[in-house]
Structure formats: C-alpha cells, structure tokens
Amino acid sequence: MEFTTVEDFEKKYIARLEDRKLDWNVLKFQEELDPRYRRAQMRYIGRGATANKDSDVIEANNFTLSTMVLPAGSIGPLHLHSDVEEVFFILEGEMTVLLEHEGKDYEIKLNKRDCVSVPPGIQRGIRNDGDKDAMMLVMLGAAKPQLPTYPEGSELEKIRVERAKEREAIVAQADR
C-alpha cells in the first residue's frame, strides 16, 4: 500500500481507543433470546462475522480484531465457524471456554492473559464466571468470515437462518 503522507496512513491504518465505542446491539438478537447472552463488541480491524461496518474501523485484509466485554455471568453461546480459526485472548477477568466436539462437552478455565485458538469446525463459546465484567480480544482468521452457525435445532440457529439473507444484503451494500 502506498500513501502520500503519514496523515493518510494514520487515517487508514490507526484505530484509536478514543474513537471506538462498545456496540451492545451487534448481538442483541441473542440477548433477546436469553439475557445471559448480553455482551458488547468494540471493532478495530474488520467487522468480524457481523454485518456492521464502522467508518472508523481499519479495513480487514487477512483477519479481524475486536474486543468484547462480557458482564458477570454472561455467556457467548456455542457457535461454529466452519471457515476460520477464532482466538480469544483474555484481557481482564476469568472466563471459561466452552467446547463441543464429537458429542462431548468440555470446559476450560482461562485467566488474564491466557489465550485459546479454536480451529474451524469445533463448536465454541465463552462464559464469564467472575463477579465483574471481563474483557477479551477476539481474532477471526479471515477478512470477511462467514456468519457462524449454532447447534442444530437451537433457537439461535433458527434466528441465524432468518438473518443470513439480511446480512448478505447489508455486507454487499457496505462493500460498494
């Protein structure tokens, strides 16, 4: 990438905390199904697997990067990324990684500065077991990951199917 001034570079490739805001609505459809699914995302590089495109987010080329806040007792429900690896890096608090693989459920405790990298094809989720907000860094291994799926027959999967076409139209419009 060429740029003519350092100011041009800064506009395109620097994402400052002061310009970010927590998005409590990006996963609101999950919270409406179960209040324990309440959490907020702050995007830095790319839009993740959502259709939300912030004007102050660095355009993704190879991966996405965001932070996520989970209030005490909150759960990021089990979901599956079939196309990308997903990384959770715990910045604050204690969390439990939830995994489902070959019909078995697993829970792995993570503390501050612990990290997990979940390969594509494994159901994953996260839970804040602490008594205060927890925060993690989230990376997805593609610039535009596919929308994750949820366990077959779950209410979240039914909602995802309904929203998939809406998301595709939003992404196509945002990319124009």
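In the predicted model, D23 counts as buried, because its relative accessibility of 14% falls under the 20% limit. D23 is found in the loop between α1 (6–13) and α2 (28–33). The side chain of D23 is joined to that of R43 by a polar contact of 2.7 Å.

The side chain of Q30 makes a polar contact of 2.7 Å with the side chain of R39. Leaving out residues up to four places away in sequence, Q30 touches Y37, R39, P77, Y150 and L156.

Confidence was considered for the protein and for its elements. The average pLDDT of the protein is 90, and 93% of the residues score at least 70. The highest mean, 98, belongs to β7, whereas the lowest, 78, belongs to α3. Where pLDDT is low, predicted coordinates should not be read in detail.

The strands β1, β2, β9, β4 and β7 form, in that order, an open sheet with antiparallel pairing. β1 (40–45) and β7 (115–118) are the edge strands; each has a single partner strand, and therefore one side of each is left without a neighbour in the sheet. On average, neighbouring strands of this sheet are turned by 20° against each other, direction ignored. Strands of a sheet pair through backbone hydrogen bonds, in a parallel or an antiparallel manner.

Within this sheet, β2 (residues 64–70) is paired with β1 in the antiparallel sense over five bridges. In this pairing, M42 stands opposite T67 of β2, and the bridge partner of I45 is L65, also in β2. β2 and β9 run antiparallel and are joined by seven bridges. V69 stands opposite M135 in β9.

The burial of β2 was examined residue by residue. Seven of the seven residues of β2 are buried. Both faces of the strand are covered: T64, S66, M68 and L70 are buried on one side, and L65, T67 and V69 are buried on the other.

The largest nonpolar core has 24 residues, of which M95, I126 and M136 touch the most other members. Two or more residues each are given to this core by β2, β4 (86–92), β5 (95–101), β7, β9 (134–140) and α3 (155–174). β5 supplies the largest share, four residues. The contacts of M95, not counting residues up to four places away in sequence, are L70, I90, I108, K109, L110, I126, R127, N128, A134, M135 and M136. Apart from this core lies another, of seven residues, including I45, I58, A60 and A143. In soluble globular proteins, nonpolar side chains tend to be buried together.

Several loop positions were also examined. G73 is placed in the loop between β2 and β3 (75–79). With a relative accessible area of 37%, G73 is partly exposed, because this value lies between the limits of 20% and 50%. Leaving aside neighbours within four places in sequence, G73 is in contact with R36, N128 and G130. The C-alpha atoms of G73 and D133 are separated by 8.7 Å, although the two residues are 60 residues apart along the chain.

Most residues other than glycine have a negative phi. E102 is not a glycine, yet has a positive phi of about 50°. The place of E102 is in the loop between β5 and β6 (104–110). E102 counts as exposed because its relative accessibility, 70%, is over 50%. R113, which is not a glycine either, has a positive phi of about 70°. This residue, R113, is found in the loop between β6 and β7. At 63% relative accessibility, R113 is over the 50% limit and so counts as exposed.

Methods:
Residues are numbered from 1 along each chain as its sequence is written. This is a predicted model: local features need pLDDT of at least 70, side-chain atom pairs count only at pLDDT 80 or more; totals for chains, interfaces and linings use all residues. Side-chain values use heavy atoms; hydrogens and water are left out. Two strands pair if DSSP finds at least two bridges between them. Axes are lines fitted to C-alpha atoms, for helices over the stretch in contact, and angles run from 0 to 180 degrees between N-to-C directions. Buried means under 20% relative accessible area, exposed over 50%, partly exposed in between (1.4 Å probe, protein chains only). A polar contact is a pair of N or O atoms within 3.5 Å; within protein, one must be able to donate a hydrogen and the other to accept it, and residues adjacent in sequence count only if both atoms are side-chain atoms. A nonpolar core is a set of buried Ala, Val, Leu, Ile, Met, Phe, Trp, Tyr and Cys residues joined through side-chain atoms within 4.5 Å. Contact means heavy atoms within 4.5 Å. pLDDT is the predictor's confidence in each residue, from 0 to 100.
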